[in-house]
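Here's a quick walk through a protein model for anyone seeing it for the first time. Have a look at the picture, then read on.

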Amino acid sequence: SIVLRLVVCHSTSHKPHCCIHPLRTTSRWRRIRMRYRTSGLLGVLGSCASVLMTNPSMKASSFALERSTRRSQCRSLVLPSQYTCSGASRFGSSSEDRSSAVAKAPTPSALLASTSSETAVDRSTLTLLEHVNLNVPSHEYILPFYFDILQCGMDPRKAANLAPDAPKKTIWANMGASQFHLPYGDVAQTIPGIIGLRFDSLDGLKKRLQEESAKDVVKGWTELSGGRGVSIRIEDNYGNVFLCSAKPKSAASQTNYQQPYIRPTELEKWGDVATTYGKSQPECRGLDFVEIRCPPNTADDIALFYDSVFDATTTVLDVDGKIAIIGFGDINENGQPEQSLLFRESPDTADEYDGHHIAMYVGDSVLDFEQAFKNAKLADIVWVNPRFSDDVMDLGGARKWKQFRFKDIVNIQTGETIMELEHELRSIEHESWPGAADA
């Protein structure tokens, strides 16, 4: 058998790609090809991909896809400001302990998100962190939690599943450009970390949590102060942790797109559903970040994986333990991405992966999406979840469904699996792209 080993220039720092101009004027992947040329990741991929596609037996059983050298003046990504309020997810600690946890960082001010700048100086190839999919065993807790407590919007595309005799029970709870997908499953799924949500104000949320009826819907909640503001930490009845914070709306942001939701005035069309779940405007405005615990000594390799395969903007920080930050959307001059996928090293990762998944959009065009698929295919990570109908293993399937999946986050230098987390990667041509209505 033939072993293809791909070796690219390596840099030990996790600095994001930077643009000379504030806004992009060319295709992201075209700019990447220019940056890497023949010695970089896509240069190597471009020279080898046609050979692999025409000779399926030539499978890369060992590969080392490493990142090219970044411009030295690039700012590193910073953590979301509300994430700092949580004391880096140490919710059981006192406020004094949380403050000291953040203070252990060598330069705390450089690691905190600032809301003082909205100037986009770069853009990640990962466009939008669109939904989190969690199995739920019934509607008993999720309806009052997501629609009464969090005040998400009811997606009309799944509202028929509220009927007692509906063959499927999946509900979509919408918040700005993002969603929670909540299908039925025998066992409730939980994110091993934190889900960060953004609101215009926390006053209404706090008032609802103080009501007697909330005790049946949430396992517990607490108000956290520190960092750059106040946040509310909530644990639902299935063990999922949410960190809710007030955050100003950014100008010209893709996270300001709005998923559809039922309004209380749509009585003729939706009847009691509009009365019970209709929202004039959902209070929960979006998904700010998702934190996932990862095994010790893997944050650098996880960042390298996203950087190498998807050319995503990444940074690894050491704040009371290493955290890999994967940026989404626009990145401002302070290093703050619109959304973040965070991987925090933790010894508490023994629990078996329970099948939850995240969905994201990649690139600004069909060409961007197809290049991402080709990279994933070359890295041998494309995967089919038999639970869903999108059976995608080749470029033709990716074009048909406008998406593909992978589950293994791998060590780029050895090919070994670091951890499992199902990803659903979509093209902006996908019928569910929330920006389509604004196009």
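## The surface and the inside

The answer is about 18,400 Å², with carbon and sulfur atoms supplying 50% of that. Keep in mind that this is a predicted model.

As for the inside, 57% of the protein's 439 residues are buried.

## The parts list

Counting up the pieces, you get 12 helices and 17 strands.

## An open sheet

This open sheet is made of 8 strands with mixed pairing, and they line up as β3-β4-β5-β2-β14-β17-β16-β15. The edges belong to β3 (153-154) and β15 (382-383); each has a single partner strand, so one side of each has no neighbour in the sheet.

Further in, β14 (residues 357-362) runs parallel to β17 (residues 417-426), and the two pair over 5 bridges.

Helix α6 (residues 142-149) lies across β3, β4 (171-175) and β5 (178-182), at about 20° to β4.

Helix α11 (residues 366-378) lies across β14, β15, β16 (403-410) and β17, and its angle to β16 is about 40°.

Terms used: Residues are numbered from 1 along each chain as its sequence is written. This is a predicted model: local features need pLDDT of at least 70, side-chain atom pairs count only at pLDDT 80 or more; totals for chains, interfaces and linings use all residues. Side-chain values use heavy atoms; hydrogens and water are left out. Helices (H or I, at least four residues) and strands (E, at least two) are DSSP runs, numbered from the N terminus. Buried means under 20% relative accessible area, exposed over 50%, partly exposed in between (1.4 Å probe, protein chains only). Accessible areas come from the Shrake-Rupley method with a 1.4 Å probe; for residues, only the protein chains shown count as cover. Two strands pair if DSSP finds at least two bridges between them. Contact means heavy atoms within 4.5 Å. Axes are lines fitted to C-alpha atoms, for helices over the stretch in contact, and angles run from 0 to 180 degrees between N-to-C directions.
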